[in-house]
Amino acid sequence: MVNRHNIVLIGYGKMGSALHQGWLKADFPATYSIISPSQLPRSEGSCHYYNDVQDSAFQEALKNADIVMMAVKPQKMREVCAQIKPYVSVSSLILSIAAGQTLQTFEGYFSAQQPIIRSMPNTPSAIGKGVTGYVCNDACSDTQKQLVHDLLNISGAVYELNSEDLIDPLSAISGSGPAYLFYFTEALTQAGIDAGLPADVAADLARQTMVGAGALMEAAPDTPPSTLRENVTSPGGTTQAALSIMMNGDMQDIITKAIHAAVSRAKEL
Ligand SMILES: NC(=O)c1ccc[n+]([C@@H]2O[C@H](COP(=O)([O-])OP(=O)(O)OC[C@H]3O[C@@H](n4cnc5c(N)ncnc54)[C@H](OP(=O)(O)O)[C@@H]3O)[C@@H](O)[C@H]2O)c1
């Protein structure tokens with residue numbers, strides 16, 4: 001018989017619900033107990049939803065949890081951890097997806113003996129195309145690491161980091177990264193409108209181009225993006241005219257500064 005894992009989700013906003021929906025679709029063998037003040041679906045099957053930490057059924061679920069996933073905003077984390085701590089077993093694994101909250105912070109909220117994994121997924125995880133990096137504290141067993149790896153792997157690629165110092169740069173690249181690409185799509189749309197295209201046509205062209213370029217990278221994992229770029233750049237042609245503006249201008253500088261800002265902000269949270 002398949003071993004069903006008890007997973008408790010604390011917070012059911014954009015990221016918590018996206019991950020959960022992916023695990024459900026993949027039929028991961030688990031029973032889920034989910035708490036969030038927001039509007040929640042009705043409990044059914046393997047999913048039990050709660051609004052109140054004082055609910056004794058929820059407290060029981062916490063006591064028996066294999067994994068307690070923390071998916072509230074970083075600013076709420078201290079308060080929420082204090083609320084649940086009395087019911088969390090010292091052997092349950094705490095899995096955080098919060099930006100900027102360190103392993104040491106969580107050890108402060110719970111204890112240094114508590115197994116804790118700090119992870120950083122991104123929103124494409126909702127459709128199994130995500131990237132998640134994670135780092136573990138010393139209290140995690142190999143079995144717990146494997147369980148979390150398997151769980152996160154449902155949502156896309158997974159990287160175990162050997163140093164927590166790497167998680168803020170990872171967050172700045174892949175955690176926030178989808179927003180940069182959406183912004184680039186918006187900018188491309190606006191440039192198309194400025195060049196005379198109808199707004200809806202410009203939006204479709206920009207969007208489908210991003211989708212197609214992403215799919216090409218996915219289809220050719222061993223081909224570097226620079227080669228894919230060169231494949232569409234004839235010497236002296238139109239693409240080269242555009243790229244010479246981007247590459248000789250300060251685009252790399254802006255991107256480097258933006259990533260630096262994201263890393264700095266993560267350290268402040
Ligand atoms: N969104 C991303 O792209 C992304 C990527 C990687 C990591 N993350 C991390 O994921 C975490 C959640 O982000 P999000 O974007 O999903 O935020 P969100 O949509 O605002 O979700 C946060 C959820 O926590 C709930 N909540 C608030 N107080 C609570 C409490 N006392 N107990 C239980 N639940 C409570 C909120 O309910 P109400 O709405 O009713 O307040 C909301 O459903 C953050 O720590 C963030 O750093 C997000």
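Two strands pair if DSSP finds at least two bridges between them. Strands here are DSSP runs of E with at least two residues, helices are runs of H or I with at least four, and both are numbered from the N terminus. With that in hand, take β7, residues 130-136: five bridges join it to β8, and the two run parallel. G130 sits opposite G156 of β8.

A word on the model. It is predicted, so local features need pLDDT of at least 70 and side-chain atom pairs count only at pLDDT 80 or more, while totals for chains, interfaces and linings use all residues. Residues are numbered from 1 along each chain as its sequence is written, and side-chain values use heavy atoms, with hydrogens and water left out.

Now the sheet. It is open and has eight strands, in the order β3-β2-β1-β4-β5-β6-β7-β8, with mixed pairing. β3 (47-50) and β8 (156-160) are the edges; each has a single partner strand, so one side of each has no neighbour in the sheet. Neighbouring strands are turned by 20° against each other on average, direction ignored.

Helices next. α2 lies across β1, β2, β3 and β4, at about 120° to β1. α6 lies across β6 and β7, at about 35° to β6. Contact means heavy atoms within 4.5 Å. Axes are lines fitted to C-alpha atoms, for helices over the stretch in contact, and angles run from 0 to 180 degrees between N-to-C directions.

On to the core. A nonpolar core is a set of buried Ala, Val, Leu, Ile, Met, Phe, Trp, Tyr and Cys residues joined through side-chain atoms within 4.5 Å. Buried means under 20% relative accessible area, exposed over 50%, partly exposed in between (1.4 Å probe, protein chains only). The largest core has 30 residues, and I10, V68, M70 and F106 touch the most other members. Its largest share, four residues, comes from α3.

Last, charges. A salt bridge needs a side-chain nitrogen of Lys or Arg within 4 Å of a carboxyl oxygen of Asp or Glu. The count is six. Which residue does D168 pair with? R118, with the closest N and O atoms 3.1 Å apart. That pair links helix α6 to strand β6, 50 residues apart. Both D168 and R118 are buried. R118, E164, D168 and K267 are linked in a network of salt bridges.

E218 and K129 also meet in a salt bridge, at 2.9 Å, N to O. E218 is in helix α8 and K129 in the loop between β6 and β7, so the pair ties together parts 89 residues apart in sequence. K129 is partly exposed, at 48% relative accessibility.
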